[in-house]
Amino acid sequence: MKIKISSILYRTIPHILFVSLLVLSLLQVHTKGLKPMLPFIVLVAGLEVLSILLYKKWEIPAIMDIIFTFITAWFVYANYLNTRVAFLFPAPNVVVEIFWGDVLLIIKSIVSSFKLLVLGFFIAIVLGVGFGLICGNVKRLRNMLLPVAEILSAIPALVYAPYAIAVLPSFWAAGLFVISSGLFWPIFINTMKTVSNLDKELYDYTRTLKLSKWDLLYRVMLPYCTPGLFNTLTMQISSAFMLLIGAEMMGMTSGVGWYVKYYVDFSVYKKVLAGFITIGILVSIVNACMTLVKRRALVWVDTKRQNI
Amino acid sequence: MSSDKIRLENVSFRYPDEAGKKNDKKDAAVRGQIENLSFTVKEGEFVSIIGGSGCGKSTTLSLIAGLNKPDSGKLYIDDKEIDGPGKDRGVVFQHYALFPWMRARRNVEFGIRQVRKLERKELRATAERYLDIVGLKGEGNKYPYQLSGGMQQRVSIARLLAMQTDILLMDEPFGAVDAKNRVILQDLLLRLLEKDTEKKKTVVFVTHDIDEAILLSDRILFMKGRKIYRELTVPLPHPRDRELIVTSKHYHEFRKELFALFYDLDGEDRYENKNIEYFI
């Protein structure tokens, strides 16, 4: 009986928070009018509807606890306690209003950053896996390049950025270069090591089949490398974002990093906060894409045994 | 000499050491060496190589498979010297060596494709047929990780049979399979090989399981100290049956003889004991 009551309580907490948040915003409507508050109310109501709709599928309410608590605290602090330096600490309703007004620019920024990131990943994967496969097979090349690669990979790719901007024809190309060169080394090293440690029995079997070199590379070694590749990508994703945002802040004229940098320069902090949230949205999009691709590419991996 | 399918003449082999050099010391502690090994396997014969671990039985198999080249001596198949791996020999490995990214059927298809060109439909049908033979009907769409060890080894046997090679080389194929499945797989192999009457396959089978060797083989080569220590013909008629052979008088005498050889304390085992003392 006791357990039942507490579980009911757990389930109702986000809804209680939602109702209180709604009441608070309606109080603000009373002073500020409906128009500036509408986007915020729509967002909060949307989150609530989403959490009810997806209740069974994911453990949404637990996340909702945090989200609603955070928004409530922020809302109360910014609207009631810290009204003097409002421009430094904009309220959530103000930030959401930015999304309302700037929606096209924000979507454009996300698309631009996403394109740059995906292209950077693509180039790094093609080159890293390609060279990794070759160097993993040729012992001499491997012995030659592995020490070099280990030094070069440790140099943060952002260091190249100013030089890349000077050398390459456009800021965009420089950004692409920074991202793909930062991702290239770990992919290259990982592929090289995986290939040179190909399972002995599997290798012996391919030898008894007298596979052609191409078949060995394309049909055996390439799939053999994919779990390791995805592991590397997952680990590198945060550093990829750092490179992306860094590159965008250094001189590009589009993308989420540029958006934040641009408004920091003008001290429009409500837009800066909106930019932070936009970066969060971009991160979620990229992670979702990654999970989707991974799930399709690695159906053959036993997830109970191998942590992918 | 023409009935000899496989012939080894004074074959010696050492694995290279860590520096990649073949060391010349005659150090018996180094595993998997063989020295002046000679034997023949007749066409259609099932020969088991047994012996303690590190006696060189797997090395011998890898040399016949062409995966290693002998330091000296010669190996022949059909009186032709072995030059690397070939599609006339199919190998089954202890840990199945299936491609984990291919479904069971694709694994079989991949093997077939290397030996003959078939149309897609025919290829698929052939693969299905061989999966059926090893008792995996309807499991073709599963990935190796979704199959038990015994089932994975069945796939690898299906793949081997589908390639239709004259010679089968099996390196402790049932060593990693649990006891129950081992019995099932042994019976399966026995049945498959005895069924093929018009052209019997030549099999070299490495194992350390005495009963397995007796059940399956025509001849047993017992290896010890880098050499063939004893060569024994199994005094049991074909077709064999696990339950029937136990009732035969020959079986018990033969088994006793093999056990005496295998667990002879004057030989390798005492050597290993000496090593332990040395380390202590």
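In this predicted model, 19 residues of chain A are in contact with 24 residues of chain B. The size of an interface is often quoted as the accessible area lost when the parts come together. For chains A and B that figure is about 2100 Å², with 68% of it on carbon and sulfur atoms. Three residues stand out on the chain A side: Glu201(A), Tyr205(A) and Trp300(A) supply 32% of the area that chain A buries against chain B, more than any other three residues.

What about polar pairs across the A/B interface? The count is 6 residue pairs in polar contact, both partners at pLDDT 80 or more. Salt bridges are another matter: the rule finds 0 of them between chain A and chain B.

Now for the pieces of chain A involved. Helices α9 (200-208) and α10 (213-249) each supply at least two residues of the side of chain A that touches chain B. Which element gives the most to that side? That would be α9(A), with 7 residues.

So much for the count; here is the helix itself. The buried residues of α9(A) are Glu201(A), Leu202(A), Asp204(A), Tyr205(A), Thr206(A) and Thr208(A). Within chain A, these buried residues pack against α10, and on the chain B side they pack against β6 (89-92), α2 (104-115) and α4 (149-162). Past the helix, α9(A) is followed by Lys210(A), which has a positive phi, near 55 degrees.

Over to chain B. Its secondary structure comes to 9 helices and 10 strands, and 50% of its 280 residues count as buried. Looking at contacts in chain B with a separation of 6 or more, 71% are between residues 24 or more positions apart. The accessible surface of chain B comes to about 13900 Å², and 49% of that belongs to carbon and sulfur atoms.

Asn107(B) lies in α2 of chain B, a helix that the buried residues of α9(A) pack against. Is Asn107(B) buried or exposed? It counts as buried because its relative accessible area is 0%, with the cut-off for buried at under 20%. Leaving aside neighbours within four places in sequence, Asn107(B) is in contact with Leu98(B), Phe99(B), Met102(B), Pro144(B), Val155(B) and Arg159(B).

Thr59(B) belongs to helix α1 (residues 57-65) of chain B, and at 3% relative accessibility Thr59(B) counts as buried. Not counting residues up to four places away in sequence, Thr59(B) touches Phe13(B), Tyr15(B) and Gly32(B).

Back on chain A, there's a nonpolar patch on the surface, formed by Val19(A), Val23(A), Leu27(A), Tyr77(A), Tyr80(A), Leu81(A), Val85(A), Phe87(A), Leu88(A) and Phe89(A). Together these residues have about 940 Å² of accessible area. The elements that give two or more residues to the patch are α1 (2-32) and α3 (60-81) of chain A. Tyr80(A) is partly exposed, because its relative accessible area of 39% falls between the 20% and 50% cut-offs.

| Residue | Relative accessible area | Class |
|---|---|---|
| Tyr80(A) | 39% | partly exposed |
| Asn107(B) | 0% | buried |
| Thr59(B) | 3% | buried |

Key
Residues are numbered from 1 along each chain as its sequence is written. Chains are lettered from A and ligands numbered from 1 in the order in which they are written. This is a predicted model: local features need pLDDT of at least 70, side-chain atom pairs count only at pLDDT 80 or more; totals for chains, interfaces and linings use all residues. Side-chain values use heavy atoms; hydrogens and water are left out. Patches are made of residues with over 30% relative accessible area and no salt bridge: like charges are joined within 9 Å, nonpolar side chains (Val, Leu, Ile, Met, Phe, Trp, Tyr) within 5 Å. Accessible areas come from the Shrake-Rupley method with a 1.4 Å probe; for residues, only the protein chains shown count as cover. A salt bridge is a side-chain nitrogen of Lys or Arg within 4 Å of a carboxyl oxygen of Asp or Glu. Helices (H or I, at least four residues) and strands (E, at least two) are DSSP runs, numbered from the N terminus. Buried means under 20% relative accessible area, exposed over 50%, partly exposed in between (1.4 Å probe, protein chains only). Contact means heavy atoms within 4.5 Å. Buried area is the accessible area (1.4 Å probe) that two parts lose on being put together, summed over both. A polar contact is a pair of N or O atoms within 3.5 Å; within protein, one must be able to donate a hydrogen and the other to accept it, and residues adjacent in sequence count only if both atoms are side-chain atoms.
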